[in-house]
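Hi there,

Here is the structure I promised to pass on to you. Have a look at it first, and then read my notes on its salt bridges below.

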Amino acid sequence: MITAGGIRAKFVLLAFFCVFCTVASISYKVFDRERNLLEKNTEQQALLLAKSSAILFINALVYEEIGIADNDDITEFLDFYVSDVMAMDSRIKSFMVFDRELRVVSHDDLKYYGTQLKASKYRQVLSSSEDRVERFSRDGWPMLEVLVPLAIESKNWGGCRIIFSLSEIEAASRDLLNKILAAAAVALLMSLIIIGFAAEYFIRPIKRLSDRMEQMTSVGDVSTPMPDLPARNDEIGQLQQSFSWMVARLQKEEQRRRQTLEKLLHTEKMASVGQLTASIAHEINNPLGGVILCFNNLVDGKLDEKSRQQHIEVIQQSLDRMRDTMRGLLDYSRQPELTLQRVSIAEVIVKSTALLETMLRRRGIGLEVNLEEGLPLMSIDSLKIQQVIVNLLLNGAHAIERRQQACEGGVLRIEARQTNDSVLLSVSDNGHGVPGELQEKIFELFFSTMQQGKGTGLGLAVSRSIAEQHGGRLWLSESSADGSTFTLSLHIEDEADGEQAYTPG
């Protein structure tokens, strides 16, 4: 049953998920945009510094070329400028100037002064008037490298390189991310509170109706009177009125269904009893013939004491056998009522097969019984479950006879095993099988594949009803040209778990 609490939780989760996705999307876009702006601004600053420095370097190199300043003055100027620029901006991690021969003429680290550059990117700067901006990582920190040619039109004197650290951008990005996450968390918390109040406001009427319905259905009986519900003029009020009308109809239909089911159960059982009558009569006639013979011998009085005692024992055993047979038949044919008792499912199976042994033997049909050891006690109506087993065995016998294989080794197999919290009982035959188009119809009332007059069409329908009354299932688990298998699943109550009642010998 879907409770109001479940609806409330789903409503809150769905609404919160939508808000979360929205807030997360907006937060990501804001963070990405601000970070891109910071990176772009830093890149523009680095490029602007490199270009402005390049202008000064070009002027100094032009002065050297026309003889206004000598080489030592130019070198001193470049070193002073590089040191001054790096002292003013801590983000600059390296500053280098090289000439057209790719020789370093100024560097923040003096050990590189005069070294020859070999990387192809420096040659590309000399052959092109385009600026180069690249990102790379050094010691785990993001860096920005800016290469600017020292050129005027086609005249090129070399180039300069500046390496900028982006660590400040990373720190600023982390700080921005923390602020965005904090704002998003506050927004989500407030949204959750608002959604919770909204859910309570909208779900409260449904919860009230659900509680009323639960009161009525808690005992599992629709005959329980429908409690009075507060009048409403909205959709919930219409639902209440419709539910009240539905309950009234269900109460009437439930009463009719129970009456019809009782009749069907009894009718089907009597039909099964009729099929068993011939075999039961044969089972009784054999010991009855022995009783009559022994009785006549005793009446003649020509027996010695030992023979007389033997005849009396034969009579006693035969009478006991007839009494047990009739007792089993009478127990099976009683009007069924749902009486749950903790019994051994294995013993119920053994009793059911005992009723049919004679009939199956006369028809030349073998019966194999395979019961798993340690089957537990179960809370079932043993007579009704016995009725299901007998119905399945009779159906299997008819299927074998229709295929006319009784003389060729027709066999019925009944198996029972425990799986997790259920007992699975399977009845298999090697008859003609159930055609695919009939597999869903065989459980319908009054539907039968037997010849007219040999079947009521109630057996499988009633058997499935009995299984469902016990909280179990009955279904056709396998069917082919080589036979069919019907499976009955019965739930094991918690109180019976681990308690074993039967171990087959």
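Predicted model: local features only at pLDDT ≥ 70, side-chain atom pairs only at ≥ 80, totals over all residues.

In total, the structure holds 14 salt bridges.

The side chains of Glu39 and Arg135 meet at 3.6 Å, N to O. This pair links distant parts of the chain, 96 residues apart: Glu39 sits in helix α1 (residues 4-66), and Arg135 belongs to strand β3 (residues 132-138). Glu39 counts as buried because its relative accessible area is 16%, which is under 20%. Arg135, at 46%, is partly exposed.

Next, find Arg363 and Glu401, whose side chains form a salt bridge at 3.3 Å, N to O. Arg363 is in the loop between α7 (345-362) and β7 (366-371), while Glu401 is in helix α8 (residues 382-403), so their contact ties together parts that are 38 residues apart in sequence. Both are partly exposed: Arg363 has a relative accessible area of 28%, and Glu401 has one of 32%.

Finally, a salt bridge joins the side chains of Glu368 and Arg413, at 3.0 Å, N to O. Here two strands are involved: Glu368 lies in β7 and Arg413 in β9 (residues 411-419), so parts that are 45 residues apart in sequence are tied together. Glu368 is partly exposed at 40% relative accessibility, and Arg413 is partly exposed with a relative accessible area of 34%.

Enjoy exploring!

Best wishes

How values were computed:
Residues numbered from 1 in each chain as written. Heavy atoms only, no water. Salt bridge = Lys/Arg side-chain N within 4 Å of Asp/Glu carboxyl O. Helix = DSSP H or I, 4+ residues; strand = E, 2+ residues; numbered from the N terminus. Buried < 20%, exposed > 50% of the residue type's maximum accessible area, 1.4 Å probe, protein only.
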